[in-house]
Amino acid sequence: MEIKEIEKIDKPSVFGDLSEMGHEQIVFCNDNATGLKAVIGIHDTTLGPALGGTRMWQYTNEQEAITDVLRLSRGMTFKAAISGLNLGGGKAVIIGDADTMKTEAFLRRFGKFVNSLSGKYVTAEDVNIKTRDMEYVAMETAHVTGLPESMGGGGDPSPVTAYGTFIGMKAAAHKAYGSDSLEKKKVVVQGVGQVGMYLVEHLSKENAEVYITDISEDKLAQVSKKYGAKVVNMDGFYDLDMDIYAPCALGATLNDATISRLKCKVIAGAANNQLENEVRHGRQLKDMDIVYAPDFLINAGGLINVGAEYEGGYNRERVYQMTEKIYDTCSAVLDMSDKENISTQEAAIRLAKQRIDQVGRVKLGF
Ligand code: NAD
């Protein structure tokens, strides 16, 4: 079972892409009255309803939006499966300007489209869709999660994401150094936003030597003052003599221009889609003996949090217990990668697919 170079899929056929990437369904939503144009991607519902956030973005063309929703929803399937959740993978994208188009009617119309899928797709916040937007969506559908605590939800998932990332980093450090202690390890955290900042807190408590980089001078000043982290140059840090690189800002920072510059032994961060090309760059890291903790595995704390909220009877302690399992799963992935001589990304996808196959058979009764 090989993972494919999905980046190279550029056929003009939507059905071609769906079958190539294994999607079940894609839903185009249009409303002339409000100007809503959205695409909901449902990748795989073998394990449960397809859960994934809604992102609003000014895509340059429709194909770009479709490609984004297909990639993101597929990623959600693997994230849920490897995290032991009874959830499938989905995602929605809304095409347009988030600053000017998000009226109450626009968001409620989107909620109606989500509702029309009768729970097959469950939505949540994502880029440019905030809690207050979700409150409107929730007026039209119960298939929403990630609501604030004041509305009975689980609140901000970022601390849980950061904790899972920290736990995954420890598992990766154990593989690379024979101990999961991060004391005195030089860790560069790229992006000290919601997740990165909490990660810095965990690292500081563990007495790691923390270095930070961000495009926001304010955040750098705030985090360095609070935790004594040292600020490093936004591009120059790739050449630093560091032990661990934690990408917590953007995707695709592991690419042709950066990987060859890295001197670290471990990469473990929260950003989604860190490998620009999951096949080629995953392999390159393996060949360089860099332990890469797959992003979709170690940043799953947020999904675990919203999944628990959707199940009902939300319990934060239970969420943290489930998030702690990332350590064992990450160790299993890293061991499989060594045993089979495959990239850690490929090993993680194999494990996720195995669970979908096995549980899928149980559900079908054989
Ligand atoms: P955020 O927007 O709060 O923080 C991102 C930080 O990165 C900001 O401080 C921003 O200024 C900085 N940044 C942007 N471009 C940069 C660059 N070129 N170099 C350095 N810093 C840069 O986002 P977040 O919620 O902390 O999420 C961080 C990453 O983790 C994202 O990729 C997100 O998709 C992923 N993620 C987040 C969660 C969650 O629970 N919030 C869950 C899973 C994955």
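A: Asn128 is partly exposed, because its relative accessible area is 28%. Partly exposed is the middle class: buried means under 20% relative accessible area and exposed means over 50%, with a 1.4 Å probe and protein chains only. This is a predicted model, so local features need pLDDT of at least 70 and side-chain atom pairs count only at pLDDT 80 or more, while totals for chains, interfaces and linings use all residues. Residues are numbered from 1 along each chain as its sequence is written, and side-chain values use heavy atoms, with hydrogens and water left out.

Asn128 sits in the loop between β6 (121–122) and α4 (131–137). Helices are DSSP runs of H or I with at least four residues, strands are runs of E with at least two, and both are numbered from the N terminus.

Ala252 counts as partly exposed because its relative accessibility is 29%.

Is Thr258 buried or exposed? Thr258 is buried, because its relative accessibility is 7%. Beyond its neighbours within four places in sequence, Thr258 is in contact with Tyr238 and Thr253. Contact here means heavy atoms within 4.5 Å.

Next, the ligand. A residue is near a molecule if one of its heavy atoms lies within 4 Å of it. There are 19 residues around the ligand, and Thr161, Gln194, Val195, Asp214 and Ala249 come nearest. By class, this shell holds 10 nonpolar, seven polar and two charged residues. Ala, Val, Leu, Ile, Met, Phe, Trp, Tyr, Cys and Pro count as nonpolar; Asp, Glu, Lys and Arg count as charged; the others, Gly among them, count as polar.

Lys219 places a polar side-chain atom 3.3 Å from a ligand oxygen. For a polar side-chain atom of Asn272, the distance to a ligand oxygen is 3.0 Å. On its own the ligand has 830 Å² of accessible area, and the protein covers 74% of it. Two elements, α5 (158–177) and α6 (194–205), each give two or more residues to the shell. Accessible areas come from the Shrake-Rupley method with a 1.4 Å probe, and for residues only the protein chains shown count as cover.

Follow α6. Val200 belongs to this helix. Val200 is buried, because its relative accessibility is 0%. Apart from neighbours within four places in sequence, Val200 is in contact with Val189, Val192, Val210, Ile212, Val223, Tyr227 and Ala229. The C-alpha atom of Val200 is 17 Å from that of Gly302, which is 102 residues away along the chain.

Now two side-chain pairs. A polar contact is a pair of N or O atoms within 3.5 Å; within protein, one must be able to donate a hydrogen and the other to accept it, and residues adjacent in sequence count only if both atoms are side-chain atoms.

Arg280 is in helix α8 (residues 280–287). Its relative accessible area of 41% makes Arg280 partly exposed. The side chains of Arg280 and Asp256 form a polar contact of 3.0 Å. Arg280 and Ser343 lie 63 residues apart in sequence, with 9.2 Å between their C-alpha atoms.

Gln345 lies in helix α13 (residues 344–364). At 6% relative accessibility, Gln345 is buried. Its side chain makes a polar contact of 2.9 Å with the side chain of Glu278.

Last, the cysteines. A disulfide is a pair of cysteine sulfur atoms within 2.5 Å. The count by this rule is zero disulfides. Cys248 is buried, at a relative accessible area of 13%. The sulfur of Cys330 has its closest cysteine sulfur in Cys248, but at 14 Å this is too far for a bond. Cys330 is buried as well, with a relative accessible area of 0%.
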